[in-house]
Amino acid sequence: MPRLSTFRDFDWMLFSLVSLMSILSVLEIKSATLHTRFRGFDHRQIGFLLVGIGLMFLISLIDYHRLADIAPWAYGIGLLSLVAVRLVGTRVMGGKRWINLGGGVHFQPSEWVKLILILAIARYFWGLAGRRLHWLDIAKAFALVGVPMYLVLKQPDLGTALTYLPVLAVGLFLGGIRPKQTAVLLLLFAILGGGAWLSGKRLKTYQMARINSFINPDTDPRGTGYQIRQSLIAVGSGGLWGKGTNQGTQTQGDFLPIPYTDFIFAAFCEEHGFVGGVGILLLYFLILMRLIENAQQASDLPGAFIVMGVAGVLLFQIVVNIGMVVGLMPVTGIPLPLMSYGGSSILFTFAALGIVMNIRMRRFVN
Amino acid sequence: MAIVPKPERHADRDEKVSPGKLHATQYIVVLVLAALAAGMWRLQILGADSYRVLAEANRIRKIPVLAPRGKIFDREGRILVDNYPSVSCYLLREQGKDLNADIPLIARGLDLPAEQIQATLRRYASSPKYVPIPLKQDITPDEQAFIEAHRNELPELETLDEQRRLYPRDGFAAHLIGYVGELSAEDLNSSKYDFYEPGDVVGKSGVEETYDAILRGTDGSRDVVVDSHGKEVGQLGQQLAIPGHDLRLTIDLDVQRAAEQSMEGHNGALVAMDPHTGEILAMVSRPTYDPNQFSVRLSKDYWSQIVNNPDHPMMNKTIQAQLAPGSTFKIIMSLAGLEEGVAQTMHVMCNGGATFYGRFFACDQRHGMVDIDHAIPWSCDTFYYTLANKLGIETIAKYATEVGLSQKTGVDLPDEAAGTMPSTAWKMKTQHEQWYAGETISVGIGQGAIQVTPLQLARALGGIASGGALKRPHVVFPDELPPDMLSAVQSTFPGSGDRVIPITPENWQTITDAMAATLGPGGTAGAVHLEGIDFAGKTGTAELVSHSAGAKSLGTGNERANAWFVGMAPRRNPDIVVAVLCEHGGWGAEAAAPLAAQVINAFVNKQRKQEGNVLQLTDAPKPAASPAANPNGVPTASVTAAVRPSAAKAAAVKQP
């Protein structure tokens, strides 16, 4: 395979959009932590971003076919690491999500498993390429995603576990699931979900409470209802133009819960209004469109699957997070990609973008 | 890795994802992002105004700034009632939090019963949410620390600095000053409190009640910016509290102190007044209570102790005790007799009593031949039985009413009693019966249905000694009040007011000289004579057991006679008049007169020190009726002996 990939073919457009997004993120984190003990998190975010960008360039140099080749191994190691978390993980506020590597570095396997899943699903459907999907194929795909998802749910970490779903959905959709099969699956889920609801096992409510207490270790004595209410007030009171940088009363007065991570979009909307919020949506739109374009131009099946997997995960996170902030979705504790503060989220996003870059650089290979 | 089949590259199958599906995902992205934008539109464009209001309500908190109440001073500007800083705990309800869930924690931290907090919450359920609920007043440093430490869990608790009333200790002047308390829901139903809100602290008795409008200020408020923990981070605006006005009373602290000391251990009342003006110089009622107990939280124990005391500690007996005046009434009888031209020429032979309408009325001594000059100092009942019989009830009632009996004096203190003056009309009205002439006889010595308050007596006798000039008693200088307040007070407390009754100068001289003789040798209260002071007065011993049997008796325990004394100095146009009531005290001369003497002594000594004029009060004429000139042949030896304190008992025996 000739090495034709060069940085001339690097997706500078996508990189610019992502960089713009990152700058807005840093500015809003700065504003949202100005009067709190988290002051200075914007500097740490810059650090995460620099590491992320470095990681992105590094990964963009690796042929994604080789990544797809090692996906089965990586998948196995991923499962092992999830099991290891259960055994030797650090328990923080009731959830075991981290493996302490020493020296202040914590490893969160579930984020990397997300990336591995994207590769594994791409690899799986690559192998099935063109064939009509049988029920067995679909069942295998479910198992492929279901096993790690179950392990992550048990940590418990509902938010991250949910982000595995779009990987499966994208795989099935692009992999050629038939409308009839889709209908049967949806019906099955409706029955299962309804049954679980009726039998009183409100897994979601129970998980949500656990997750919320983890996400907000500063104690959240006032319940998720209060969080949502404060978020709606923050977004709504921002109006058309917003209250201005550092001027959001909900953000600065500490009424808005964790305004630098999960509720950063509410903080942004309060200070920059509908215009600013729609601007962010527009940026996401351009980024997602660019990803889909990259998928269309991918030289082969696994490339398109991987890019669409990344796009699916990003879209899912955007919808769930912004949906929560504007009151259309329940509180789940999923960070907003490229906006929320946090190393794991940034490293995952940039690593994923690195693979996308590689796919783009190799689009003329065939 | 069995479940992942090894892909075969460049196999003869589709190596591309169908463009249609990718195209479809673009539509999905557009749709989903448009839905999110719609959600933002709903909040930020359609709901912007209402959410802005909510955001403001979130961060702005109206904190009341309580106006300190005006201080109360005596006539010389010495402080009687001060304020002290204190911290109260309030409950805020603006955050929409379920407060009921926090009640157990609050109850523990503030040491309050949970039921009480629930009851308070219910009481305020209908008032607007921005009204803070007073939870506990005058909290301890420990409770303050609890609130600070639980700012996160209990953001609804707010502390507020307040000024609290500090009253004199040991119930000093308690009935005069009164006390403040929180308005209850029942209070608010009264039209009197139309402009008040629940939880307002108002004067509930005494000067605090009458002059509440002056003493209370206007509360202000501060709009403060708070964070989600209720921590104050800034201030937007404020409305300053207007402090209440200070109030100067007519009370003289020195006289009040003397009065408090003299009344210590007694059950009754003492009031000292300046008859020239009606200014009250001292006002004491016993037993007393501690108003400080009322200004914060009244403990159940203290309250039951107060209400179960048979001697009525909460009653201001100077204006609320309505009792038979006994022989002090003889001054009014003398006035009536002299003004009617009857008493001047009257000579009555006292053989220890007399028979009227077939019934014997006793006198406690055989006074022999008695005229008006001796009738007062000797307090001869026989003389006044006879006089009463001659005057008739209507004439007696006319003069008694003229000097203010059976009417409120109009003193600027709440709940004054009017007393009773019997007459034919009164009896017809209250008992639907005819007046019998025989009933008039006991009225002549201040017994029977007649009832007076100590203040009424002081005003009446002080007015007679002032040549008939009766003044409206008051505890606050009228010219220091705003005109509208003055007229409001005078219409709230109607009374007989300022009035001059005509008294012939000779009669005036006769009565005042005779009152001075009461304190002189041979007088009923000769033992309490004050050397160098022109001290005049009249004793009274009002029997509680019926003396219809014809024999006079002091009685014992709860039926023991009430001791009265009304004294003044100097005898004519007095600067001070003091009325003393000792309930169940026995003889007026023994129990009551010495107490009045102490107060008058303190007053005169102070006056002399201030004016540097020692002679002024001793210039008064000597008592006209000296024992030597006694036309009735009363043994002089026994009367002169009564001057010395060692013979007090002997003198006391003869006073009714």
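Q: Which residues of α14(B) and α16(B) meet?
A: This is a predicted model, in which local features need pLDDT of at least 70, side-chain atom pairs count only at pLDDT 80 or more, and totals for chains, interfaces and linings use all residues. Residues are numbered from 1 along each chain as its sequence is written, with chains lettered from A and ligands numbered from 1 in the order in which they are written. B:Lys330, B:Met333, B:Ala336 and B:Gly337 in α14(B) meet B:Tyr384, B:Leu387, B:Ala388 and B:Leu391 in α16(B). Contact requires C-beta atoms, placed from the backbone, within 7 Å. Helices (H or I, at least four residues) and strands (E, at least two) are DSSP runs, numbered from the N terminus.

Q: How do the residues of this contact divide into nonpolar, polar and charged?
A: Six are nonpolar, one is polar and one is charged. Ala, Val, Leu, Ile, Met, Phe, Trp, Tyr, Cys and Pro count as nonpolar, Asp, Glu, Lys and Arg as charged, and the others, Gly among them, as polar.

Q: Why is α14(B) called oblique to α16(B)?
A: Helix α14 (residues 330–339) and helix α16 (residues 381–391) of chain B pack at about 50°, with axes 10 Å apart. Axes are lines fitted to C-alpha atoms, for helices over the stretch in contact, and angles run from 0 to 180 degrees between N-to-C directions. Angles under 35 degrees count as roughly parallel, over 145 as roughly antiparallel, 65 to 115 as roughly perpendicular and the rest as oblique. The angle therefore makes α14(B) oblique to α16(B).

Q: What makes β12 and β19 of chain B stand at the edges?
A: The open, antiparallel sheet has five strands in the order β12-β11-β21-β20-β19 (chain B). Two strands pair if DSSP finds at least two bridges between them. β12 (279–286) and β19 (536–542) each have a single partner strand, so one side of each is left without a neighbour in the sheet.

Q: How many bridges join β11 to β12(B)?
A: Seven bridges join β11 (residues 268–274) of chain B to β12(B), and the two run antiparallel. B:Gly268 stands opposite B:Arg286 in β12(B).

Q: What share of chain B counts as buried?
A: Of its 656 residues, 46% count as buried. A residue is buried if 20 or more other C-beta atoms lie within 10 Å of its own, exposed if 12 or fewer, and partly exposed in between, with C-beta atoms placed from the backbone.

Q: How many residues of chain A are in contact with chain B?
A: In chain A, 51 residues are in contact with 40 residues of chain B. α12(A) gives the most to this side of chain A, with 13 residues.

Technical notes: Two residues are in contact if their C-beta atoms, placed from the backbone, lie within 7 Å.
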